[in-house]
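Work through each task before you read its solution.

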Amino acid sequence: MLTEFEIQAISLSLKVAFSAVSFSLPLAIFTAWLLARGNFYAKPLLDAIVHLPLVLPPVVIGYLLLIGFSQQGIIGAWMIKYLSVDISFSWQGAALASAIVAFPLMVRAIKLSIEAVDNKLEQAASTLGANPFRVFFTITLPLIVPGILSGVILAFARSLGEFGATITFVSNIPELTRTIPLAMYSFIQTPGAEQQALRLCLIAIGIALIALIGSYSLEQKMRRTIAHQH
Amino acid sequence: MKIKLSKQLAQYKLEINTQISATGICVVFGRSGAGKTTLINLLAGIDTPDSGSFSIGERCFYHAQQRINLAVHRREIGYVFQQARLFPHLSIEANLKYGYSEKQDPESVFYQKIIQLLQLQSLLKRYPNDLSGGEMQRVAIGRALLRKPKLLLMDEPLSSLALPRKLELLPYLAKLNKQLQLPILYVTHSLDEVLFLADEMLLLDQGKIVLQGDVETVWNDQKMQPWLQQNQLSTIVHGSICAQHQDYPLTSLDLGAQQQLWVNKIDSALGTNVRIRIYAKDVSLTLNRANIDETSIRNIFACSIAAIVKTEQNVKIKLALADNFLWADITLWAFDQLQLQLHQQLYAQIKGVSINNSDFALPQH
């Protein structure tokens, strides 16, 4: 039913999106917590930096990544020399680009859910002898699971659709960096490949729908479980 | 417990400098906005004072000059909030055990004691959302106690509950203090709760202590009167049950100095100490003692006038009666016609039937 080419693009897309989301999640939770509960001087600056990828053209992100992480880039050269890792023109590079572009969406969703946690519960936990670390892991974190989930789904969907930063940073290399949007772009560029482009288009819609519906029902279920309502 | 704290608030400066005994229930009473909650938040470490110090015995929690400010979770001070603040994602059992250390209680004797005292057994497997307000507050109290605090702070723990729930919970609170020997600082603006629970009382207004002492002294002080609303002006007297009437459901209380007060029947053993609230509106004055077969009034006491407070509508007379005080509310007209003077001897008549069960409390000792 699906061609080998399509399967390749789908599995690459999923791999990129999964890695992008799972590696940035801990950092996103920490950043969201800082923005929601922290009280420090540079908070507006941190908030601005986190939201920057949301307003910048993706091509700018891709270009900055290219400068920084290519083989000649400052960080890229360092990584090749000391870690023997080269992420330019690889699926890992695509994952990095997706992670950065999707980061603000994830942070926003988690931040909102932390703000919705009643600070009074955390206060009560500390009067019961829990240090801030324990308060976070036993009270805050379990209560924001639905928020984390919706942040993850949002970021996942955004990663699947990432185009501009990816094509700028890691180019459009078959089997390596050609995700669904990039594959579609190639078909559109090729005369007579309209049907293949349409098929990929439908696949993209299908994946997005499954993710959104799945996340909606999972979130509902989790909210009920957490509050133990019937 | 030594408290010397100050903090600038929006409306006024909170300044407390006092000592509170390390046993019994001390009720912090005042209007809303008097600084009651701020005071106990400072003690818990939730708010930080501007200056001062706070210690219990040898243990110092806060000292501005020595830069000591123990974090909330290190203070070992229990806190029962106005709302129960149970953790919705944890079962009642997990809520109760949140601050509880099984190492310190290897045979779980203390755990069982608290479960029993607050009757929590049937709730353990349930979740906060399934509980009634009274049950939730009982769990919150148990949770705070299982942490084995050195001091328990309670911020109007009953104010969010309907009256029947309050009446259900009050006896638990009275029992707590007696059985656990834990000092409790109890914030409230309810006079009923003061009457039922307090050993010591602290009247707070605009961030300052107006009065402090045992309940009878504070309640009967003239400075307390504005807090007892017009129709609520009342006196607390102390007595012990000395007789039950043979034919009628009445109980006689010995007020000391051979004065006896008949009230509606109290089902307790002879010798039990009780605290009685007598409303000033139920006390009338007469210059000559009426014969017992000529009046419906059963309680007539010889007393003398200790103070006279005139207001626009009426006169409040403070009467010395053996070692108790009594307030009487009479009209200006009656006051002028009787030509009452300070230190004058006269008779106070109290309608015994007006004292009902909600007006007496059995003290905890």
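**Exercise 1.** Which residues line the largest cavity?

*Solution.* Begin with the conventions. This is a predicted model, in which local features need pLDDT of at least 70, side-chain atom pairs count only at pLDDT 80 or more, and totals for chains, interfaces and linings use all residues. Residues are numbered from 1 along each chain as its sequence is written, chains are lettered from A and ligands numbered from 1 in the order in which they are written, and side-chain values use heavy atoms, with hydrogens and water left out.

Step 1: On a 1 Å grid over the protein atoms alone, a cavity is a set of points where a 1.4 Å probe fits but cannot get out; a pocket is an open set with protein on both sides within 12 Å along at least five of seven lines; lining residues have an atom within 4 Å of a point.

Step 2: list the lining. From chain A come Ala124(A), Thr127(A) and Leu128(A). From chain B come Tyr79(B), Val80(B), Phe81(B), Ala84(B), Ala140(B), Arg143(B) and Ala144(B).

Step 3: assign elements. Helices (H or I, at least four residues) and strands (E, at least two) are DSSP runs, numbered from the N terminus. Helix 6 (119-127) of chain A, strand 7 of chain B and helix 4 of chain B each supply at least two lining residues. The largest share, three residues, is from helix 4 of chain B.

Step 4: sort by class. Ala, Val, Leu, Ile, Met, Phe, Trp, Tyr, Cys and Pro count as nonpolar, Asp, Glu, Lys and Arg as charged, and the others, Gly among them, as polar. The lining of the largest cavity then has eight nonpolar residues, one polar and one charged.

**Exercise 2.** Describe the largest pocket and its lining.

*Solution.* Step 1: the volume of the largest pocket is about 650 Å³.

Step 1: 25 residues line the largest pocket, and Leu27(A), Leu96(A), Ala99(A), Ile100(A) and Phe103(A) lie nearest its centre.

Step 2: at least two lining residues each come from helix 1 (4-37), helix 2 (43-55), helix 3 (58-69) and helix 5 (91-116) of chain A. Helix 1 of chain A gives the largest share, eight residues.

Step 3: the lining of the largest pocket has 21 nonpolar residues, four polar and no charged ones.

**Exercise 3.** Why is one side of strand 7 and of strand 11 of chain B left without a neighbour in the sheet?

*Solution.* Step 1: find the sheet. Two strands pair if DSSP finds at least two bridges between them. An open sheet of six strands in chain B has the order 7-8-9-3-10-11, with mixed pairing.

Step 1: look at the ends. Strand 7 (77-80) and strand 11 (208-214) of chain B are at the edges and have a single partner strand each, so one side of each lacks a neighbour in the sheet.

Step 2: check one pair. Strand 10 (residues 200-205) of chain B runs antiparallel to strand 11 of chain B, joined by six bridges. Met201(B) has Gly213(B) as its bridge partner in strand 11 of chain B.

**Exercise 4.** Trace the hairpins that involve strand 13 of chain B.

*Solution.* Step 1: strand 12 (residues 234-244) and strand 13 (residues 250-254) of chain B pair antiparallel over four bridges, and a hairpin of five residues joins these strands. Ala243(B) is opposite Ser252(B).

Step 1: strand 13 of chain B also pairs antiparallel with strand 14 (residues 260-264) of chain B, over five bridges. This hairpin too has five residues between its strands, and Gly256(B) in the turn has a positive phi of about 90 degrees.

Methods:
Grid points are joined across faces, edges and corners, and a volume is the space filled by probe spheres set on the points.
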